[in-house]
Amino acid sequence: MKAPLKILIVAALAVAVIAAVSLKRRNAPAESTPAITAATGTPDRVADAAPAVVAGLPKLVDLGADKCIPCKMMAPVLEELKKDYAGKLNVQFIDVWKNPDAGKVYGIEMIPTQIFVDAAGKELFRHVGFFGKDDILAKWRELGVDLAGGKPSAAIVLETPVAADTRPRDAVCFMCDGDVNPQTKVVVNGETEQRILCSPHCCFIYFSSLVGADPKGEEAKVSVTDWASGKLVAAASATYLYGMDAKGRPTIKAFGDKDSAVKEQQTNPGNLLVWDVLRSKELATRCAFCDRAAYPEDACVVKFGTTHGLGCCTHCSLGVAARVKQDIEVEAKDGLTGEPIRVKTLNGMVASMEPPTAIAWFGQKKNADGQWVSAGCFKQGFFVNEANLQKWLDARPAMTGRQITIAQALADKMMLSPEQIAKACKLGECK
Ligand SMILES: [Zn+2]
Ligand SMILES: [Zn+2]
């Protein structure tokens, strides 16, 4: 082939993270995925410091380049696989910028690309973009290739709580499962049962999770706790002192009479709001996936196209890719430490992930039919590694659910139909 490889670099919008690099070839051969047989498999000369390839083993070929960011993120993943599956799996890295002919042999168009080849030399699957270790192992299992004997990936699964939640029911927030502060407690009197919420904010999340409810009718059922006296008062007639805590997160104190609100304001500054103003303020910022009310301070930032939105939880943030049908970039925080975790998607799959060890926790509970369903947004999270997840779980002994990969969390959302997305996170509808 005479024409040189034309290389396009697709850069992220605001953050300099490169998802995948396009290798656009002008004279691509007609058959772009040549059959690879054991006899004609990629010669070792194209491999970058290639280890000895053991005949008769399945092979994972990663085609990348040393200066492409997601390719670099693949390097530690490949190293671990090489170490953990020595004698079970051949792991090969090919630098297609240094060895352009190798890219041609495999007919790849983007880097990094991982090619899964069975022991007989037959290509089984290829994946474009960053591919985490757990996802690679899951893919081999799905392809029916047994890599047994290697170090198993010990994903955490909690089907029964480590310890039962012994808090009295009226001390637990119906929405967030947090402890109810008696000074900010909100009570919603329903037809058949009472909902206890930890704060006015959770009350607005509750409102935004209701399906087909009349907002005015719902508001009439709400009582808030008077900050001064501790007594319940009607929410719609209370005065609210809207301030900010040390972390910049809004605080809302309710007062049955305006004078006590003014008095509190003298020592703890904030704005005095009536219910209608508080409601429009609280409902102004919504999750771009499920439409629930969210504070930007608590949410994930999701970039797509030239705009950005919020995901009320880590899993909702990935769901934005399914809802807007675009590639997205998520900036999430580790559930334990707040360390940044960045995920970029490409065609509904994870294209890059920082750090590459990041994992997801899928909080689940058993429904009345015995099915495992989502335990809701407040029970989901991303973690930079398994150790952080374990520490987070240690502090939540009543938690049930399972550790999944971020790619799996995205795949779960990409499978949803528009009807399912419309019902996502709604009370009684979220599955
Ligand atoms: Zn709450
Ligand atoms: Zn959401």
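**Helix H7.** I started with helix H7, residues 275-282, in this predicted model. I looked up its buried residues and found Leu-278, Arg-279 and Glu-282. For "buried" I used 20 or more other C-beta atoms within 10 Å of the residue's own; 12 or fewer is exposed, in between is partly exposed, and C-beta atoms are placed from the backbone. Seen down the axis of H7, the buried residues fall within an arc of 100°, so they line one face of the helix. The arc is taken over the directions from the helix axis to the C-beta atoms. An α-helix has 3.6 residues a turn, so residues three or four places apart point the same way. I then checked the face of H7 turned away from the buried side: it carries the exposed residues Asp-276 and Ser-280. What do the buried residues of H7 pack against? I found helix H4 (200-209), strand S13 (239-244) and strand S15 (271-274). Contact here is between two residues whose C-beta atoms, placed from the backbone, lie within 7 Å.

**Conventions.** I noted that residues are numbered from 1 along each chain as its sequence is written, while chains are lettered from A and ligands numbered from 1 in the order in which they are written. Since the model is predicted, local features need pLDDT of at least 70 and side-chain atom pairs count only at pLDDT 80 or more, but totals for chains, interfaces and linings use all residues. Helices (H or I, at least four residues) and strands (E, at least two) are DSSP runs, numbered from the N terminus.

**The chain as a whole.** I counted 11 helices and 24 strands. Of the 431 residues, 38% count as buried. Among contacts between residues at least 6 apart in sequence, 63% join residues at least 24 apart.

**H8 and H10.** Next I took helix H8 (residues 314-324) and helix H10 (residues 406-414). Their axes come within 8 Å and cross at roughly 50°. Axes are lines fitted to C-alpha atoms, for helices over the stretch in contact, and angles run from 0 to 180 degrees between N-to-C directions. H8 and H10 are therefore oblique to each other. Under 35 degrees would be roughly parallel, over 145 roughly antiparallel, 65 to 115 roughly perpendicular, and the rest is oblique. Which residues meet? From H8 I listed His-315, Leu-318, Gly-319, Ala-321 and Ala-322; from H10, Ala-409, Leu-410, Lys-413 and Met-414.

I also looked up the buried residues of H10: Ile-406, Ala-407, Ala-409, Leu-410 and Lys-413. They cover an arc of only 160° around the axis, which puts them on the same side of H10.

**Glu-329.** This residue lies in strand S18, residues 328-333. Is Glu-329 buried or exposed? I found 24 C-beta neighbours inside 10 Å, so Glu-329 counts as buried. Glu-329 and Val-343 are 14 residues apart in sequence and 5.7 Å apart in space, C-alpha to C-alpha.

The peptide bond from Ile-111 to Pro-112 is cis, with omega near 0°. I placed Pro-112 in the loop between strand S5 (110-111) and strand S6 (113-117). A cis peptide bond also joins Glu-354 and Pro-355, with omega about -5°. Lys-325 is not a glycine, yet its phi is positive, near 50°. Lys-325 sits in the loop between H8 and S18 and is exposed, with 11 other C-beta atoms within 10 Å. Cys-425 has a positive phi of about 65°. Cys-425 is buried, with 23 other C-beta atoms within 10 Å.
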